[in-house]
Amino acid sequence: MSGPALTRQIGLVAIGRGALALSTFAVSALLSWNWTPAEMGIYRTVWYLANTLFPFFLLGFPTSFLYFFPRLKTAGQQALVLQAGLCLALSGLLLGLLLTWGGPYLSFLLDFETRPLTQELQLYLGAFMPYACFWIAGGLAEPALVAAGRPQWQAWLGMGMAAAQLGLAVVALVGAWQVQTVLWGFSLLGGVRLAAAAWLVSRAVGWRTVGWSGEGLGAYLHYCLPVALGDVVGSLSRAVDRLVVLWFFSTETFAFYDLGAIEIPVSLLLASATTVLIPQVSRLYSEGRRADIAALWSEAVRRLSLVVLPAFFLLFFLAGPLISVLLPLAYVNSAWVMRIFLLALPLRCAIYNPLLVGMGKARWAWWVGAGDLVLNIVLSVLLSKALLTGWPAWAFLGPALATVIATYAQVAVLLGLIASHLGWGVRQLLPWAHLGRVALVSALAGLSGWGVALLVGPPLAQVLVGAVVFGGVLLLGARPEDREVFLKLQKSR
């Protein structure tokens, strides 16, 4: 795949996922102005518990689908969609039953020792349960649309869901809805998304008269197992910090911690690149073209860095005023959580585990992910306890620091494995000179924007002025070929 075509596909996938991630945070930001931190903490706890469980029940199907689909002919592709879709529908039902049954056993996460919320938590999880079922059942939507050559449909699906979520938040804010009502609203939207996704996938893949057949399903499930294990380990690693916060601190503390640990939408370019690159890597690896894989990966790093590195420096320097604009005064400490998590954003210039998956080395990714999980758990607990003893006011930052440290350790190991397997040195694998130049220009732009923003009073003015100055300095320092990448991304819509 050529550079421009690759950029276009990554851009399209990122648009859909970025819109959805932005709207998810915007919903929480809007609701925070109407709810107390305790209510927001309950809402975010239910949301995060369900989303943490999603990789367990997606069974590794979405990523494995991207590996298998390009290798099949039309009839095999259609059969794969049917088989995997039915399996995920059953898995979604199983998740719903688990949430319904397991609610009382999770009450300790909502300050159970000080206020009995067993039945209340079960009501919240019950309201959100249909959404979880629908999301798992529609888990093949994005990979199927991208693999079938319809990334623009995936983008429209993501943007449509994003708009619906924002509409729900506005209605809830105006109508002063309670937590349970909002969760039921999300469940309704989940059903609408599932119906839309099924229709789009049927049009993209096409259908012929086929009945259920287990042919080929065994090989698919066998490949999915290590991928699923890797996804589960990754999900647990991402959840460790929040679970430790829920264990050591109050629901209110979890609210401003979780809202500060923002998933920056631009970092979803990583997931978008994964969706686009895995089929390409799978094809090239089956043809023995390892040098082409390394070249493709290096080119993707170059293009991703032009968005990820500037975003890191802009958001890091303007985190304080940005949080003050988006959230009420009670969440001012969320800015520190945001800054710490942003320290891991530069690592998102590249993909790691999915590259190993595309080369058929999913087990390697799983073992490295397992090591990251263990390190994250140990560091999160130790740092939380140490800070509670020495600096209790800042103890809630311990899990965030642990997550960033563990992430850097994991990436270092993965880079070594990838370089060794492709027969390249780490110096050859990454475009270090390009990354250093982009980082330097972005850092100067960030410092300039922050310095000028300090001269302005209101937080909104600081964000706007700082962003304008940042953009001006960045454009002055960018090379013409770098600007061309942004033009191609804009044309991708």
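Ser187 is buried, with a relative accessible area of 4%. The model is a predicted one. Ser187 belongs to helix H8, which spans residues 179–205. Setting aside neighbours within four places in sequence, Ser187 touches Ala127, Phe128, Met129, Pro130, Tyr131 and Phe134.

## Aromatic residues

The structure holds 17 aromatic pairs. Tyr131 and Trp135 form a stacked pair, because their ring centres are 5.7 Å apart and their planes meet at 25°. The cut-off for stacking is an angle under 30 degrees. Both residues lie in helix H5 (residues 118–137), 4 residues apart, or about one turn of the helix. Residues three or four places apart in an α-helix point the same way, because the helix has 3.6 residues a turn. Tyr131 is buried, with a relative accessible area of 3%.

Phe248 and Phe249 also make an aromatic pair, but a tilted one: 6.4 Å from centre to centre, with 55° between the planes. Which of these two counts as buried? Phe249 does, at 14% relative accessibility. Phe248 is partly exposed, with a relative accessible area of 28%. The cut-off for buried is under 20%.

Ring pairs also build a cluster. Its members are Trp35, Tyr43, Trp47, Phe128, Tyr131, Trp135 and Phe186.

The charged end of Arg193 is placed over the ring of Trp135, 4.0 Å from the ring centre. Arg339 lies over the face of Trp336, at 4.9 Å from the ring centre.

## Salt bridges

The count comes to 3 salt bridges.

| Residue | Partner | N to O distance |
|---|---|---|
| Asp258 | Arg44 | 2.3 Å |
| Asp258 | Arg242 | 2.6 Å |
| Arg242 | Asp241 | 3.6 Å |

Start with Asp258 and Arg44, whose side chains meet in a salt bridge. This pair links distant parts of the chain: Asp258 is in helix H10, Arg44 is in helix H2 (residues 37–58), and 214 residues separate them. Asp258 counts as buried, at 4% relative accessibility. Arg44 is buried as well, with a relative accessible area of 9%.

Asp258 also forms a salt bridge with Arg242. Asp258 lies in helix H10 and Arg242 in helix H9, so the pair ties together parts 16 residues apart in sequence. At 8% relative accessibility, Arg242 counts as buried. Shared partners join Arg44, Asp241, Arg242 and Asp258 into one network of salt bridges. Asp241 is buried, as is Arg242.

How many residues of helix H10 are buried? In this helix (residues 251–260), 9 of the 10 residues are buried. Among them are Phe254, Phe256, Tyr257 and Asp258.

Helix H9 covers residues 217–248 and contains Tyr220. Tyr220 counts as buried, at 0% relative accessibility. Apart from neighbours within four places in sequence, Tyr220 is in contact with Phe61, Ser64, Phe65, Phe68, Leu80 and Ala84. Tyr220 and Gln83 are 137 residues apart in sequence, but 9.9 Å apart in space, C-alpha to C-alpha.

## Surface patch

Now to the surface. Trp33, Val170, Leu173 and Val174 form a nonpolar patch there. Together they have about 400 Å² of accessible area. Leu173 lies in helix H7 (residues 151–175). At 30% relative accessibility, Leu173 counts as partly exposed.

## The whole chain

The secondary structure of the protein chain comes to 21 helices and 0 strands. Of its 493 residues, 54% are buried. Among contacts with a separation of 6 or more, 83% join residues 24 or more positions apart. The protein chain exposes about 20900 Å², and carbon and sulfur atoms supply 70% of that area.

How values were computed:
Residues numbered from 1 in each chain as written. Predicted model: local features only at pLDDT ≥ 70, side-chain atom pairs only at ≥ 80, totals over all residues. Heavy atoms only, no water. Buried < 20%, exposed > 50% of the residue type's maximum accessible area, 1.4 Å probe, protein only. Helix = DSSP H or I, 4+ residues; strand = E, 2+ residues; numbered from the N terminus. Patch = residues over 30% accessible without salt bridge, like charges linked within 9 Å, V, L, I, M, F, W, Y side chains within 5 Å. Areas by Shrake-Rupley, 256 points an atom, 1.4 Å probe, with all protein chains shown as cover. Salt bridge = Lys/Arg side-chain N within 4 Å of Asp/Glu carboxyl O. Phe/Tyr/Trp six-rings, centres within 6.5 Å; stacked < 30°, edge-to-face > 60°. Lys NZ or Arg CZ within 6 Å of the ring centre and 35° of its normal. Contact = heavy atoms within 4.5 Å.
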